[in-house]
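Q: Can we go through the charged side-chain pairs in this one? I'd like to see the structure before we start.

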Amino acid sequence: MDPNGFRLSGSLGPELSQVTNLQMLNLSHNGLSGQIPDNIVDMGSIRSLDLSGNSLLGRNGKVFLRTVYQCSSPHQGSVPGSLSQCSALSSLNLSSNHFSGKPVSSLRVLDLSNNQFLGSVPVGISSLHYLKELHLQGNQFSGPIPDDIGLCPHLNLVNLSSNLLDEVIPDSFQRLNSLTQLDLSHNLLTGKLYSITNMTSLVFLDLSWNSLTGTLPTTMSILGSLQLLSLSNNQFSGQMPTYLAYCYQLSVLRMRGNHFNGSIPDGLFAMGLEELDLSWNELSGPIPRGSSRLLQTLVVLDLSRNNFIGDIPPEMGLFSNLRYLNLSWNNLHSQLPPELGYLQHLTLYSSRDWQLFLALPIELVTQLLKWLDPEVLVNVEEAEDSETGVQ
């Protein structure tokens with residue numbers, strides 16, 4: 001039964017329980033309000049229940065289901081305890097609500113994202129032997145991440161982002177060999193990065209906006225399936241690791257806002273990256289020229305706020321798909337290569353080093369005028385005036 005989006009209003013009546021053979025009920029995105037009735041338990045055959053996009057209220061209690069999955073409506077209160085007796089239920093949407101209290105702990109697939117849960121993530125998740133997805137993002141969970149999450153052998157997705165979780169990433173996470181997506185971003189995590197290095201199935205890894213420290217472990221080179229790596233806005237240090245070039249599937253690398261130093265490994269510019277953000281670090285040396293593979297794939301390049309020196313490689317004019325380029329706040333030489341005029345798809349060029357724009361070929365100036373941010377143009381005009389003595 002699928003009357004979603006029909007602008008239904010009113011409350012869920014007790015008569016709903018009389019529909020004893022119903023297996024799927026989708027009442028999402030209507031105008032329903034009031035309490036979720038306790039006698040929903042009498043719908044013993046219900047397998048999929050979607051009440052998202054309404055204004056329903058929960059009752060006090062806990063939920064003990066085999067699968068809880070997909071939810072988004074502005075509920076308030078605790079999850080109704082009567083749902084615990086719907087023994088056939090395999091799909092229940094609970095995310096993006098305003099539930100409070102402590103979450104349930106006997107689930108297979110759990111999505112309680114974007115609610116107002118607080119306190120510690122409950123211990124006991126390891127009892128969910130068949131758990132595959134854990135979505136707890138967008139709450140106010142605090143304290144350490146429970147060790148026993150790493151004891152769920154079938155997990156392939158864990159999202160604990162945008163909480164208040166602290167301390168270190170548990171060592172038990174090394175056992176999650178089936179995990180393909182891990183998002184722990186926007187928390188208060190500390191310590192060094194050792195716990196994820198055996199997750200050889202990882203495709204997506206986001207640890208940004210924490211307080212992680214130390215150098216990156218060499219064992220990250222075995223993450224051969226990794227496509228997105230975001231470590232931005234932490235306190236990592238040391239040289240930019242050369243072994244990241246062994247992550248052959250990597251297409252997005254975000255390392256901004258750390259303390260990496262030294263030069264960019266040539267291997268990084270030999271990969272087929274689509275996005276490379278190394279801004280706000282302490283990197284130095286020349287900018288690598290880039291491989292023929294990178295020339296075809298790179299879309300975003302941000303190397304701003306570092307200590308790079310030397311010339312801008314003319315090969316940058318061959319980055320045929322480049323749309324965003326930021327080289328500002330470095331120590332680059334004062335001549336932009338005319339080859340940059342070939343970048344027909346570039347929509348934003350950012351450089352506040354006005355010296356780079358003196359002595360440019362006129363055809364390159366014409367092309368750059370389409371990209372420059374206003375601050376650059378002001379600086380160029382002021383520089384020219386000072387050279388000619390105009391007051």
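**Salt bridges**

A: The structure holds 4 salt bridges, a salt bridge being a side-chain nitrogen of Lys or Arg within 4 Å of a carboxyl oxygen of Asp or Glu. This is a predicted model, where local features need pLDDT of at least 70, side-chain atom pairs count only at pLDDT 80 or more, and totals for chains, interfaces and linings use all residues. Residues are numbered from 1 along each chain as its sequence is written, and side-chain values use heavy atoms, with hydrogens and water left out.

Q: Which residue does Arg 254 meet in a salt bridge?
A: Arg 254 pairs with Glu 275 at 2.8 Å, N to O. Arg 254 belongs to strand 21 (residues 252-254) and Glu 275 to strand 23 (residues 275-277), so the pair ties together parts 21 residues apart in sequence; strands (E, at least two residues) and helices (H or I, at least four) are DSSP runs, numbered from the N terminus.

Q: Is Glu 275 buried or exposed?
A: Glu 275 is buried, with a relative accessible area of 18%, whereas Arg 254 is partly exposed at 28%. Buried means under 20% relative accessible area, exposed over 50%, and partly exposed in between (1.4 Å probe, protein chains only).

Q: And what about Arg 289, which partner does it have?
A: Arg 289 forms a salt bridge with Glu 315 (3.1 Å, N to O). Salt bridges with shared partners also join Arg 256, Asp 277 and Asp 302 into one network.

Q: How far apart are the closest N and O atoms of Arg 256 and Asp 302?
A: They are 4.0 Å apart. Asp 302 counts as buried at 6% relative accessibility.
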